[in-house]
2 protein chains.
Amino acid sequence: MKKCEILSVGTELLMGQVANTDAQYISGKLPGLGIGVYYHTVVGDNPVRVMEALNIAAGRADIIITTGGLGPTQDDLTKNVIADFIGKRLVRDENTCALIEGYFKRTGRPMTESNFRQAYFPEGAVILKNERGTAPGCLVEFLYGNEQKVIVMLPGPPGELIPMLDNEALPLLAKYSGGSRIISRYFPITEVPESKVESMLLDIIEGKSNPTAATYVKDGVVTVRATASGEDEAAVNQMLDGVASKVRERFGDDLISDRGEDLKTVFLKLCVEHGLKVAAAESLTAGLIPYLITSVPGASAALTGSFVTYSNDAKMQLCGVKAETLELCGAVSRETCREMLEGTSRAFSAQLALATTGNAGPGVMENKPAGLVYVGAKLFDRIEICECHFRGGRENVRMRSAMKALDLGRRLMLEYFRV
Amino acid sequence: MKKCEILSVGTELLMGQVANTDAQYISGKLPGLGIGVYYHTVVGDNPVRVMEALNIAAGRADIIITTGGLGPTQDDLTKNVIADFIGKRLVRDENTCALIEGYFKRTGRPMTESNFRQAYFPEGAVILKNERGTAPGCLVEFLYGNEQKVIVMLPGPPGELIPMLDNEALPLLAKYSGGSRIISRYFPITEVPESKVESMLLDIIEGKSNPTAATYVKDGVVTVRATASGEDEAAVNQMLDGVASKVRERFGDDLISDRGEDLKTVFLKLCVEHGLKVAAAESLTAGLIPYLITSVPGASAALTGSFVTYSNDAKMQLCGVKAETLELCGAVSRETCREMLEGTSRAFSAQLALATTGNAGPGVMENKPAGLVYVGAKLFDRIEICECHFRGGRENVRMRSAMKALDLGRRLMLEYFRV
């Protein structure tokens, strides 16, 4: 199998200003081509260190994919250093010059001479079109020792990188794959701690040859990743089908999906399948629940609208939460959560309602500790409300609360519609 | 200045399942201690490759910080490989054993024998408490050649890593800093393209010694990062004050903040400063605007509630958008945006209202292309509505729309309250 290293160039990554989502995106795409991502490296916009990193990468990988440093600014030096490294000169591409001029004319944006820096490429490179910006990428083969290697240069902004990778680079990279197929499947699971998930799957995990399995956790969801490889795609899939049936059998409703779909996608599918309208009333999550649901295309089939009821006034006015309830039990209470569920399902004529009320922190609020959250779901006349004690910072508490609401809704739908 | 490399161990990062936010968080914290982050590396849960990566890191950095691989599962191998690498044996810490047992008793979660793996540390290590999980970290010094180096091991889950870094590791790392101070300031700017920002600051950027300046873009905001270093903190700050005054003068209202505050923070501050109540009515952004605002602690001073009006019905019912408007102009129109602004400001008695309506894509909707969005803000009786053509995928269009709404609101407030 061919090995790939992703080399990201950008001081902004080393300063912590942005996360390396480019490397994440590329990594998700290559295994399907039979290319394994073995390393990610980040270096700053410094020609000496970029050169050293290229040396290390070429020594341990067959395919190098760089991100960043293709723009028009002073610190965009990737192409120059790579040209030096592989011993090729940069040549001007007139076609790209014309495209850059056209782009600036069309968008009416001011053009500076430095924009033409983007029209130079190492000799022999295949140019990769940038449909969302002015910096094209390129792919170029080179010899390292006497081994043939390939380097692909992609722009840093994700909005430009993603279509260039998908439409331009991946089709070219397919021919560099080693012929074998690597397929991964993902099994997201809720409400079971990671060490328990692993101990329930020890027979699969301890094998560690083919297929392999491992777990990881994000936003309260434990995901099992099973990976198999081989020359024959059908045989690879058969191995994974075996894993899938064990996981299904052992985890039941705790398993969100045996096809790697995430919680919001599965939640929306169930709503649509059963013709349910969903609405939320949110205090601490303040919009996150409908935002997550609508990140899945087609959400309008289930979600018509939703309430953010951050203050007590909004809870009373929009959801009809009673003043006595707020006074006696507090905004952060099971009772308030229940009235929010009832109010929002009524207001939107929604069969399924979700609600969150809690203290995201930092600090204590109305005597309620940070992390105390009531999360509820109501399906027809069934109501389920959980008292949760989340740890972590404000954003973690809010994300966990929204995920919990979706999961409660998912479980209610599964139970209600079970034959 | 001491050089640091962050070495993240985790196949899930190489498979693209999660972004390396740990490296991002750590990177943001070290420069303040006078430690420069020069490299990020990611390798999988493979002992040979982890060992090779440690060798490279020790060869080029003074301080190595590892993330991940400290948990109880089979693929958590970081401590074992590091102990091998630095030539120390792992010793059991009885205190940690007791804490782990106590944690499982307290939370009532099932404990497996493998949880005790977390109680072994390289001889001589300082143990770093994990207040949010069972895997402690550690810090240990070692000799590489005849150089004294230090390695810090942190857990992978961000909720555990963040408090351990902040409360346990940073105080210890302070003594490894080289004595010099590195200070960065951030100047986020809207509505000016990156190449224009750079050309307006060429006199600062082309100097490239001390201070340095560079630009990067995220979610439509161009940020100038200026960094200065030196032994004397006051002198370092003075250099940065010089940059700040040039940036202020050249960018005016396009500059969001000369103290690195982000758009949502500045937006909320202005609302609170002027005693304004804010509410949104959102179609395609579906909750993102209040979610962003409330990620800033203290948002309840300005935001009481908000509407997600995803469907036409919700637009009419909650905001009083007229049926004729939707029929004649469509949901994605300037007129609908205006009625959403009016409706939400009325419903919440909000002096400042924000609204978004558009097509996030994929695909054409009601004859409106993906990326066409009307974004509006209303402050008292002043209304500003922009027709935007965003590119990029669904999530990018939604984020850009929400940011544009906050920025329109920010500019309206600046103009209205300007003396």
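## Helices H10 and H15 of chain B

In this predicted model, H10(B) passes H15(B) in a left-handed crossing, meaning that the near helix is turned anticlockwise from the far one by less than a right angle. Helices (H or I, at least four residues) and strands (E, at least two) are DSSP runs, numbered from the N terminus. H10(B) covers residues 263-273 and H15(B) residues 394-416; their axes lie 9 Å apart at an angle of about 40°. Axes are lines fitted to C-alpha atoms, for helices over the stretch in contact, and angles run from 0 to 180 degrees between N-to-C directions. The two helices are therefore oblique to each other, a class left after angles under 35 degrees (roughly parallel), over 145 (roughly antiparallel) and 65 to 115 (roughly perpendicular).

## The sheet across both chains

An open sheet of 10 strands with mixed pairing includes strands of chain A and of chain B; strands pair if DSSP finds at least two bridges between them. Its edge strands are S16 (382-389) of chain A and S16 (382-389) of chain B, each pairing on one side only. From one strand to the next, the twist averages 10°.

Within chain B, S12 (residues 278-282) and S13 (residues 305-309) pair in the parallel sense over two bridges. Phe307(B) in S13(B) is the bridge partner of Ala281(B).

## Basis of the description

Residues are numbered from 1 along each chain as its sequence is written, and chains are lettered from A and ligands numbered from 1 in the order in which they are written. Local features need pLDDT of at least 70 and side-chain atom pairs count only at pLDDT 80 or more, whereas totals for chains, interfaces and linings use all residues.
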